[in-house]
Amino acid sequence: MNKFYYLPRIKFLVYIFFYLISIELAIGQTSTNKIISKLENALNERDYTLIKKIFEEKESSKMTSRLKKIINDFPNSEWSIKEKESITSKKKYALVNISGSKIINGREYILDSNFNYHYSFKNGKIQNGSIKNHLTTIRNDNNLLDI
């Protein structure tokens with residue numbers, strides 16, 4: 001009969017190893033979640049200072065000019081951002097929804113935009129951002145279709 005003297009020690013080492021990895025992943029995810037949550041709040045409050053803090057300089061200037069254009073066109077726009085992780089590539093992305101409306105010549109135009117913002121997170125800053133699966137609609141019929 002074989003005796004496994006080292007088995008309890010190996011199990012303990014494996015347990016500690018995976019425990020430490022899971023803590024590291026949890027800490028990384030919660031800090032990224034906090035940043036995404038702060039970004040959503042900053043966009044809804046029209047606070048551009050946070051954008052300059054969490055995006056790289058080049059990305060920050062592009063982002064700020066795009067945001068100002070959207071807010072100029074739809075002043076009451078609201079942002080919703082949910083962080084996700086790609087199953088296939090393990091890259092992070094955010095599901096972004098922008099909704100708003102504007103009245104022009106007595107008609108209300110409604111904005112609804114949905115896209116995935118893929119990015120990498122390095123040294124506390126978001127970099128290499130790209131937009132995928134972008135769908136934007138601007139309607140003036142309150143979702144009523146004539147048939």
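Student: How many bridges pair strand β2 with strand β3, and in which sense?
Tutor: Strand β2 (residues 92-104) and strand β3 (residues 107-122) pair over 13 bridges, in the antiparallel sense. Strands here are DSSP runs of E with at least two residues, helices are runs of H or I with at least four residues, and both are numbered from the N terminus. Two strands pair if DSSP finds at least two bridges between them. A quick note on the source: this is a predicted model, where local features need pLDDT of at least 70 and side-chain atom pairs count only at pLDDT 80 or more, while totals for chains, interfaces and linings use all residues. Residues are numbered from 1 along each chain as its sequence is written, and side-chain values use heavy atoms, with hydrogens and water left out.

Student: What sits between β2 and β3?
Tutor: Two residues, as the strands form a hairpin. Asn 105 in that turn has a positive phi of about 55°.

Student: How many bridges join β1 to β2?
Tutor: Eight, and these two strands run antiparallel. Glu 85, for instance, stands opposite Lys 92 in β2.

Student: Is Glu 83 buried or exposed?
Tutor: Glu 83 is buried, because its relative accessible area is 19% (buried means under 20%, exposed over 50% and partly exposed in between, using a 1.4 Å probe and protein chains only). Glu 83 belongs to strand β1 (residues 78-85).

Student: Which side chain makes a polar contact with the side chain of Glu 83?
Tutor: That of Tyr 119, at 3.2 Å. A polar contact is a pair of N or O atoms within 3.5 Å; within protein, one must be able to donate a hydrogen and the other to accept it, and residues adjacent in sequence count only if both atoms are side-chain atoms.

Student: New topic: which residues of α3 are buried?
Tutor: They are Glu 59, Ser 60, Met 63, Thr 64, Leu 67 and Ile 71. Seen down the axis of α3, the buried residues fall within an arc of 125°, so they line one face of the helix (the arc is that of the directions from the helix axis to the C-beta atoms).

Student: What is on the face turned away from that buried side?
Tutor: That face of α3 carries the exposed residues Lys 58, Lys 69 and Asn 72.
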